[in-house]
Amino acid sequence: MKGMRKILYLAALGVGLSGCASTGAETDAAKPAPATPHLASQLPKPMPAPDGGLQAARISGKGAILDPFAKEWSQVKPVKVALQPQVVATPNNPTPAVSEINARAVHNGQWLAVLLEWKDPTKSDRLVVDRFGDQAAIELPVFYRADSSPNPMMGAPGERVNIIQWRAAFQADLERKREMTIRDNYPNAATDLYPDQVLKAMDIRSYMGAAGVDNPVAKHRDSPVLDQVAEGFGTLSTKLHQQADGRGVWKNGVWYVVIATPMHQEGANAPQLIPGNNTVISFAVWEGGSQEVGARKAWSDWVPLKLVK
Amino acid sequence: MPKVYNWQIGREMEYLYDEARPKKQFAMVMDTNKCIACQTCTVACKTTWTSSRGQEYMFWNNVETKPYGFYPLGWDVNILDKLGVQDIDGSVYKGKTIFEAAPSGDRVLGYLPDDLDYAHPNISEDDSVGSMTQGAFMQVPHMQWMHYLPRICNHCTYPACVGACPRQSAYKRPEDGIVLIDQMRCRGYRECVRGCPYKKPFFNSITRVSEKCVGCYPAVEEGRQTQCSVTCIGKIRLQGFITTPQQAREDNPLDYIIHIAKVARPLYPQLGLEPNVYYIPPVHVPPAYLKQLFGGDVGSAIATYRKAADDKKLLGALLLFGATPDIMHHFKVTDRFAIAYNEKGDELVRVPFKEPIYLRPSFDEAYQTVRSNIT
C-alpha cells in the first residue's frame, strides 16, 4: 500500500510539473505590479528556487504577526514555490489557475507566521452555488523526522499533518463585523420571518442546519483560518481548539495572506516548532474564480523550513 | 471501481463503493395522473424544513410541468445531453451510466448549475407541447400535452452525491436507506450539487454547506410517512419501503405496484443511480417522451394501469394512497376493502373498494330548507 502511494505521488509530481508550466501564468500575466511600496519591488523578484528552503527569521515582539504589510516582512526575502495540480485524488482539476506563490516566514519564539503572495486578478469571497472563494493553506507535519517526511498530500494514516487554511469568505466575515444575511449575497432579496426571529434561542438550533450543529465553516468567525489535522485524503478534520490566526488582503490583483500558528501547543495535533530546528512546510492555493475547491487545488511538495534560533 | 448490480438497468455497473443495500429501503410511488400541481407538498416541505436563513431558494420538494418545466433550469436535459444518446430499449441498458461516463479526474459525470438556474422554480408552468390546430380532437395520447412531475430526493441505492463527496459527508443510512448530508462534516465543496443528476442537494450560502431532502427521517423513524405524502390533497403519493425484484413481497403495497404489477417506473433509470421514487406514468403523454423519462417498460406500465380495475390487488394498493399518515408495510384485499397494516401487523386503515352512497332527502325538515348536496 505504501509503495503504491509513493508511485502515485511520483506520478502526480510528473504530471504536475508539466501541467503548471502551461497554466496560471497566462491568466494574469498582464496584471500590473502591486502598489504597496515595500512589496511592489519584491513580488516579481523572489529567490530563484526553494532549494535551500524557507528560513523563518527571528523577530522581536510578542503575539501573532498578522499584518501582511508589517515592516518585519521586509527583513526576509520571498521564496518562489512552484505549485502543481492535485491529480492523485478525485475529483481534481488538472489545470489550476495558480502555478506559483511567494512565501516567507518569520517567528518571534511564540508565533510562527507565513506570508503568502500570489497573483489573482479576481477577488472571490462571495459564496453562492456557482461561486467559490479564494483559499490558501500551509501544511506542517505533526511529527517531523529528517529521514522521512510524511506524505505531503494531506499526510497518511499514522503520518498526521497540521493544515491551516485561510479562506477569503472568512476574511469577509471579519470585515463585515456582523452576521451575514441573504442581502449580502442577493442585495434585492425579499424575505419573511425566519424561525430565529420568533423562536426562543434554545429552540432554533434544529432550524439552522450546519450552524445549528456548530459546523466551523457555518458560523460567523473570529479568525479567517481553520486549524485542522489530516491523515490522508478525505480525513481533514477541524481541531477542537482553534488557535491559529491569519489575515488576508487583496490589493491590485494580488492576495497577501498571513497564516500564523502558535509554536508551543499541547497534544497530538501540534506540530513541533522549536527555534533552531528544521522542519518542512507545504502550500496549497484554491482560485475561487476557477471553481477550485476541496481536492480541486494547486499544491506544493514539502519545502524545508528552518526556524532561526 | 467496484461492480454493483442495478436491477433497474438489468446489469452490473461501476460505482464508487461496494454494493451495500440497507436493511430497509425508503421508497415512494407517485401517481402522475392524479397530480394537479397544487404545490401543497412543496409548501408542506418548505415550512417543515427550509424556512431558515440561506434556504430561501430551496425546494427539497418541487412540482414541475414537463417537458418545459425545470428546477433548477434544464436539470435533466443538461445531464442527458452530457451523457449523449442512450440506448434504453430492452431489459438491459447498453449505454453508460453517469458513473461509467465520469471524465478523467472526476468521480461522476455531472455539472454545476448556475445560480440563476434556481431563480424560476415554476418556470413554464402549464405550458403545453404544440399548439391547437384546426380539426384537433381529444385522443389518447393527447395531441397537445404536458404533465406534472413532483420531485423529491430519490434516496438512490447508488447515490451520486455519496459517490461524489470526497469527505464522506453524504451518506446512506443502513437502517432505512435515507440519504443525508452530515451537517457537521460537510465543507461546502458542492461536489454533491455537481454530481447529483436530479439536482436535489442544495448549497446554503449562509451556512456555506450543502443540504438536501432528509426523507422526513424523524417521521419515518416513528412509522409516519413524509410531510409531502401526508399533506397531498390529491392522494397521489404512497411512501413506504421497497425490496429488490427478487425479494418482492406481494403483501407490501410498494412491492406490488412496482415489482409485481409493474405500473410504476423510476425516473431516468439510465443514469444508473437506482432511484427509489417511482412514478405511475401519465397516460395521456406520447410514449416516446415517457420512454426517455422512465425507461423502456413504460408502455406496459400504462397498459396495466389502465386496466387496474381487472386486478383487485393493484386496485387495492392504489386505494391506499393518502389513506393514512402511517407507513403501510403490509396490505391485503377482501371483497369490499383494501386493508393496510403497520410493521407489527396492526391494522392501520381499511378503504372500501366502493364508497357507500348515502342519500339524504332533498328537503330538510329540521331547517325547512331545500338541499342540493344530497349524496
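Visitor: Among contacts in chain B between residues at least 6 apart in sequence, what share join residues at least 24 apart?

Guide: A contact is a pair of residues whose C-beta atoms, placed from the backbone, lie within 7 Å. In chain B, 61% of the contacts between residues at least 6 apart join residues at least 24 apart. For chain A, counted between residues at least 6 apart, the share at least 24 apart is 71%. This is a predicted model, in which local features need pLDDT of at least 70 and side-chain atom pairs count only at pLDDT 80 or more, while totals for chains, interfaces and linings use all residues. Residues are numbered from 1 along each chain as its sequence is written, and chains are lettered from A and ligands numbered from 1 in the order in which they are written.

Visitor: What is the mean pLDDT of chain A, and where does pLDDT stay under 50?

Guide: pLDDT is the predictor's confidence in each residue, from 0 to 100. Chain A has a mean of 85, with 83% of its residues at 70 or more. Residues 1–49 of chain A stay under 50, and the model has 70 contacts beyond four places in sequence for them. Where pLDDT is low, the predicted coordinates should not be read in detail. Chain B averages 96, and 100% of its residues score at least 70. The scores of the model are ipTM 0.91 and pTM 0.90.

Visitor: How many helices and strands has chain B?

Guide: Helices (H or I, at least four residues) and strands (E, at least two) are DSSP runs, numbered from the N terminus. Chain B has ten helices and 17 strands. Chain A has six helices and 14 strands.

Visitor: How many residues has the largest nonpolar core?

Guide: A residue is buried if 20 or more other C-beta atoms lie within 10 Å of its own, exposed if 12 or fewer, and partly exposed in between, with C-beta atoms placed from the backbone. A nonpolar core joins buried Ala, Val, Leu, Ile, Met, Phe, Trp, Tyr and Cys residues through C-beta atoms within 7 Å. The largest has 107 residues, and Val29(B) and Cys161(B) are among those with the most contacts inside it. Strand β3 (residues 25–31) of chain B gives the most to this core, five residues. Beyond its neighbours within four places in sequence, Val29(B) is in contact with residues including Leu238(B), Ala264(B) and Tyr278(B). A second, separate core of 68 residues includes Trp73(A) and Ile164(A).

Visitor: Which residues of helix α2 of chain B are buried?

Guide: An α-helix has 3.6 residues a turn, so residues three or four places apart point the same way. In α2 (residues 75–83) of chain B the buried residues are Trp75(B), Asp76(B), Ile79(B) and Leu83(B). Down the axis of α2(B) they fall within an arc of 90°, so they line one face of the helix; the arc is that of the directions from the helix axis to the C-beta atoms. Leu80(B), also in α2, is partly exposed, with 17 other C-beta atoms within 10 Å. Gly84(B), with a positive phi near 85°, follows α2(B).

Visitor: How many residues does the contact take from chain A and from chain B?

Guide: The contact takes 32 residues from chain A and 31 from chain B. The side of chain A that touches chain B has 23 nonpolar, eight polar and one charged residues. Here Ala, Val, Leu, Ile, Met, Phe, Trp, Tyr, Cys and Pro count as nonpolar, Asp, Glu, Lys and Arg as charged, and the others, Gly among them, as polar.

Terms used:
Contact = placed C-beta atoms within 7 Å.
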